[in-house]
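Subject: Structure for you to look at

Dear colleague,

I am passing on the structure we spoke about, and below it I have set out what was found in it. Please read the notes with the structure open beside them.

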Amino acid sequence: MSNPQIEIQLIAALVAAACAIPGVFLVLRKMALISDAISHSILPGIVLGFFITQDLNSPVLIILAAGTGIITVVLVERIQKTGLVKEDTAIGLVFPALFSIGVLLIAKNANDIHLDVDAVLLGELAFAPFDRLLLFGADLGPKAAWIMGVILLTTLLLLYLFFKELKVSTFDVGLSSALGFSPAILHYGLMSVSSITVVGAFDAVGAILVVALMIAPAAAAYLLTADLKKMLWLSVCFGVFAAISGYWLAHWLDASIAGSITTVLGLVFLLVYFFAPNKGMLSVMYRQKQQRTEVSLLTFLLHLNNHQETQERHINHLREHINWQQVKANTVVRLALDNNLITITDEVISLTQKGLSFTQTALEYIITNKDDKIEHLKDDFFLFRG
Amino acid sequence: MSITEYFDLLFTDYTLRNISLGTAVLGIICGMLGSFAVLRKQSLLGDAISHAALPGIAVAFLITGAKDTNILLLGALVSGLIGAFWIRGMISKTHLKSDTALGLILSLFFGFGMMLLTYIQKQPNANQAGLDKYLFGQAATLVTSDVQLMVIVTGIALLVVLLFWKEFKLLLFDQDYTKTLGFNTKFIDILITFFIVLAIVIGLQTVGVVLMSAMLLAPAAAARQWTNTLATMVILAALIGGFSGVFGTAISATQNNLSTGPVIVLVASFFVVVSFVFSPTRGLLFKQIRLLKNRRDLQLKKTLQFMYGIAQTHENIDHPHTIRILNNFQGFTKKSLRKMEQNQWILLNKQQWSLTSKGFAEAQNLFNQQPQHE
């Protein structure tokens, strides 16, 4: 591995970690799309900043552009407050307009500036190591790494200082304002951090990848855990993992690094989406299937409970009476047998003692709808877990 | 080129005619279908889908190796549809919210598409240049066949909207009721989504991935301000979209270095701002005026109420009082007194006022005050 390669991976990992942290809060606060809006609407800010400073990595430019990001947020909220359109429409109206202004500013001054829309939208990580930070003639490493490092450290510091406040205001706005934390300050603080992160990262990885790095790790982590701290850790890990393996994918395919990192992120998310325990696709589908079977089981037991006469309880009769397919009937009967809820003698099914008491409890629950009756059933059955 | 020259050239110049016609048709279809997207609270679906279409273009090129617009758009359509339905799946099957789902599809698909595009560009195949016009859109590359395709798609969309008008409308405003009436809501839903995706894909070539969402949203959001009727809104949105297309093209044609897409979006945004401010019923301006008028009215009636209180203590209600007596009460000005005189509620005589019988009756009716003699 050569030196620039290590540096590129370092920058990518720093960007991923710095994006993942505000991303978690954006996802939890249902404001994920604000990151998309900010990442596009900083364009005019970047262009104006570039006119003034002539340097894409200047701190002045970053602050100016982050300012545009915050203006976007404020504009969206203002439009929302008028009640003329819904929130998402407000987002969709603001950022394309600002982005258009940015594109036109670039197009109008195309001869004077070395900046084009592709670069802003897509970024080029491969060039990042060439822009060095020189201090008193000494080469201190790539500028992008320093910028992202500072942003990451600031984010971590703010996270450490305001973790409790952020946590409360994310999950219970009412409680947090009752406790005296101003939701507005936290909101705008989070927006500022997101904005600065987006601006710091766009040069290296482009506006779209910033969105991916903010949302995808957080979304994947959200499917795996319900604990905020774990979610933060997980999303940072996902982000950094995708950043580094994405780099090698790009290396192998000779394709855009930003695009490859996003692709790896997509794969990570896909895996989690399908296989996450409890909240993943497969487990949700399994649970739904299980619940369907258990509803059938309950219907079956209630039917048995209602009928004393043997011909109603004959195994062949059940199939036509409750109108089940053979397979389904077999599954249900086997499930009941396995749980010792029924016995079969001479093809006639009868409830066991256990089955009888189970049916009674379930019936009582259905009638009274009181939760305490079924507390002990929750461990064995999906159906009653709500 | 000046605007008048533009309109002269519009009928003679091949390129200009194509671009203008293309953007106008695009504006119309986007306005029409965008109305449904906005009312279904799917405003940002357009943003997500337009980004999600990118890998489809790349894959279509990788498979066929040809740069035929129709095939590329077909690829875009397929990948846009996958994105749209995955978003729905994600929202219904997991606890991820719609904003996260949209953002995920948008960024992940787009990143994947970017990777494929850069991969294609490195291939030793001279044919690949120009795929990135779908990123930012280049209206200038529209040719007659593109415009024909747009017109055909718009025609079909119009036909479908007219055919399923009742169903669309029902689904829009009351999904449960639609279901109970026995309509296949899933089918209607898929139909709407399909056509929204189709409109987005058609627009990619002209305004590009990023600005497509505004094309879909802005005309509908503007039209919404002027009416509460769906039919009017759809027609108005189509008109606004069409106008934005033509005006945007005209402006960008008359200036150097102005790309068409962003100008169209800015024109459409201008329509939105105008509608937000000047719409008679919902507009901010008239809302503010109404607010001020109500406030003045209330102030006036408060003064009257105060006078009524004073007049009640006297035998005859038209007993004159000095204006100074009102000084304890903050809400009156010379202007408001004159206004009350105009309303014939009071009579002003130099520094004195007296309540008229009309004013007395008016004050009695205020705030549900019951007459005293009950």
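Which domains does the domain assignment give for chain B? Please keep in mind throughout that this is a predicted model. In chain B, the assignment gives domain 1, covering 3-282, and domain 2, covering 288-368, and the C-alpha centres of domain 1 of chain B and domain 2 of chain B are 58 Å apart.

Turning to chain A, its secondary structure amounts to 15 helices and 4 strands, and 44% of its 386 residues count as buried. Among the contacts in chain A with a separation of 6 or more, 65% are made by residues 24 or more positions apart.

Where the two chains meet, the contact draws 52 residues from chain A and 47 residues from chain B. On the side of chain A that touches chain B, the elements giving two or more residues are α2 (32-53), α4 (87-108), α5 (117-122), α9 (207-224), α11 (257-275) and α12 (281-306) of chain A, with α4(A) providing the largest share, 13 residues. By residue type, that side of chain A divides into 33 nonpolar, 12 polar and 7 charged residues.

Helix α3 of chain A, residues 59-82, has 24 residues and reaches 35 Å from its first C-alpha to its last, which is close to the 34 Å expected at 1.5 Å a residue. The buried residues of α3(A) include A:L61, A:L64, A:A65, A:T68, A:T72, A:V76 and A:I79, and what covers the buried residues of this helix includes α2, α4 and α8 (183-205) of chain A. Just after α3(A), A:G83 takes a positive phi of about 75°.

Finally, the nonpolar cores. The largest nonpolar core has 209 residues, and those with the most contacts inside it are A:I11, A:V15, A:M148, A:V210, A:A219, B:A199 and B:M215. Its largest share, 24 residues, comes from helix α11 of chain B, residues 185-224. If neighbours within four places in sequence are left aside, B:M215 is in contact with B:L26, B:C30, B:G203, B:V207, B:V265 and B:A268.

With best wishes

How values were computed
Residues are numbered from 1 along each chain as its sequence is written. Chains are lettered from A and ligands numbered from 1 in the order in which they are written. This is a predicted model: local features need pLDDT of at least 70, side-chain atom pairs count only at pLDDT 80 or more; totals for chains, interfaces and linings use all residues. Domain bounds come from an automatic or database domain assignment. Two residues are in contact if their C-beta atoms, placed from the backbone, lie within 7 Å. Ala, Val, Leu, Ile, Met, Phe, Trp, Tyr, Cys and Pro count as nonpolar, Asp, Glu, Lys and Arg as charged, and the others, Gly among them, as polar. The expected span of a helix is 1.5 Å times one less than its number of residues. A residue is buried if 20 or more other C-beta atoms lie within 10 Å of its own, exposed if 12 or fewer, and partly exposed in between; C-beta atoms are placed from the backbone. A nonpolar core is a set of buried Ala, Val, Leu, Ile, Met, Phe, Trp, Tyr and Cys residues joined through C-beta atoms within 7 Å.
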